[in-house]
Amino acid sequence: MSTFFVRPEVAALKPYSAGKSIEEVRREYGLTRIIKLASNENPLGPSPRALQALREAAEGVNIYPEGPSTALREALGARWGVGPDWIFVGNGSDEIFRLLATTYLRRGDRVVVPRPSFPVYAGASALMGAQVDAVPLKDGAMDLPAMAARARGARIVFLCRPNNPTGGVFAAEAFDAFLRAVDPDTLVVLDEAYREYDDTLFDSRAFLAEYPNLIVTRTFSKIYGLAGLRLGYGVGRPGIWQPLYTVREPFSVNRLAQAAGLAALDDHDHLEASRRMNQAGRQFLTAFFREMGLRPWPTQANFVLVDLGRPAAPVFEGLLRRGVVVRLPDPADLPNALRVTVGTEEQNREFVRALTDVLNA
Ligand SMILES: Cc1ncc(COP(=O)(O)O)c(C=O)c1O
């Protein structure tokens, strides 16, 4: 423990616990062959166009990046049908959640989050001394009426579609009713990190136009395969983003990330191939779980949460020993569940073999 003063908000928090890295598992278990299906990355890798852009941009890394990512904001704005000032680019969407909390939350303010969901919303809010009000899922889905009721007087509400770690979504009508019920002074952050995996989901653009207190975030870490570069963005009214430019680090989004993101946006083949591979893998894993008598949660994302009907921690450990890394959700929420990222066909088969082995042991 530090002998210097630490803000109580910091002392009360635990560091973010990421999925185990390949390097960690290699060190801890002395394994050479490891399959990582823990962090919902793209098993197909980055887009070849992004890789080419990276090689070219590498020559210029002696020069600071362009601070506000103007070219990328212009390209994204054109896609979303809005001006570039509606787009805010961050060092991963994680940075955007942190900046929103830093900019908009004071000690004691209330923030509403779904539970279980992506832990960064609660962590970034708690860091500012905000009260985090976690609303449990209902019948496996986000309970939007309950969240709207609890949002009264709250400064921010975070929503996640598809939700991590459960994979489920909500309908446009439910979202509309939610937005109508929420006070216009309450900021609504809709995190769509996995949205590109399912083209059939409703388009949040119409809602952005109608509700000035809504922002939508996306990431290049998932379907675009650029998690290691750290790149995410938000879409919403320029007035919401303006104060974030004061709070952010001037050069938080590096030159390589900006170049790769711009190139990845145009790589429709990579996007389609990633989507197809994911859909096939998702079906394969879901069917396997059902055959095994396990209960997969309905998912529109690139991962499947599965209820094993028994404590998941020993199964997680057994998989690790066999070189397969998946994700153990917070046992306080989901003690019997594992979350597995959809991998390549070969990775999925290896996972299935390892899981069968562990469950039969
Ligand atoms: C729901 C959700 N939002 C955001 C992120 C993080 O995105 P980024 O890599 O852009 O910070 C993740 C990563 O796992 C996620 O699951």
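This tour steps through the nonpolar cores, the aromatic pairs and one set of strands.

The model is predicted, so local features need pLDDT of at least 70 and side-chain atom pairs count only at pLDDT 80 or more, while totals for chains, interfaces and linings use all residues. Residues are numbered from 1 along each chain as its sequence is written, and side-chain values use heavy atoms, with hydrogens and water left out.

**Stop 1: the cores**

Select Met-147, Leu-159, Phe-175, Phe-178, Leu-214 and Phe-220. These have the most contacts inside the largest nonpolar core, which has 73 residues. A nonpolar core is a set of buried Ala, Val, Leu, Ile, Met, Phe, Trp, Tyr and Cys residues joined through side-chain atoms within 4.5 Å. Buried means under 20% relative accessible area, exposed over 50%, partly exposed in between (1.4 Å probe, protein chains only). The core draws at least three residues from each of domain 1 (8-45 + 269-360) and domain 2 (48-265); the bounds come from an automatic or database domain assignment.

Now centre on Phe-175. Leaving aside neighbours within four places in sequence, its contacts (heavy atoms within 4.5 Å) include Leu-144, Phe-170, Phe-202 and Leu-214. Another core, of 29 residues, lies apart; Phe-289 and Val-326 are among them.

**Stop 2: the aromatic cluster**

Select Tyr-16, Phe-97, Phe-118, Tyr-121 and Phe-158: they form one aromatic cluster. Rings of Phe, Tyr and Trp (its six-membered ring) pair if their centres lie within 6.5 Å; planes under 30 degrees apart count as stacked, over 60 as edge-to-face and the rest as tilted. The structure holds 21 aromatic pairs. Phe-97 and Tyr-121 are edge-to-face, because their centres are 5.2 Å apart and their planes at 90 degrees. Phe-97 is in helix α5 (residues 92-104) and Tyr-121 in helix α6 (residues 120-127), 24 residues apart. Helices (H or I, at least four residues) and strands (E, at least two) are DSSP runs, numbered from the N terminus.

Phe-97 is buried, at 0% relative accessible area. Phe-97 also pairs edge-to-face with Phe-158, at 6.0 Å and 85 degrees. Phe-158 sits in strand β5 (residues 156-160), 61 residues from Phe-97.

**Stop 3: strand β10**

Select residues 303-307. In β10, 5 of 5 residues are buried. Phe-303, Leu-305 and Asp-307 point one way, Val-304 and Val-306 the other. β10 runs antiparallel to β12 (residues 337-341), joined by 5 bridges; strands pair if DSSP finds at least two bridges between them. Leu-305 stands opposite Arg-339 in β12. The charged end of Arg-339 sits over the ring of Phe-303, 5.6 Å from its centre. The criterion is NZ of Lys or CZ of Arg within 6 Å of the ring centre and within 35 degrees of the ring normal.
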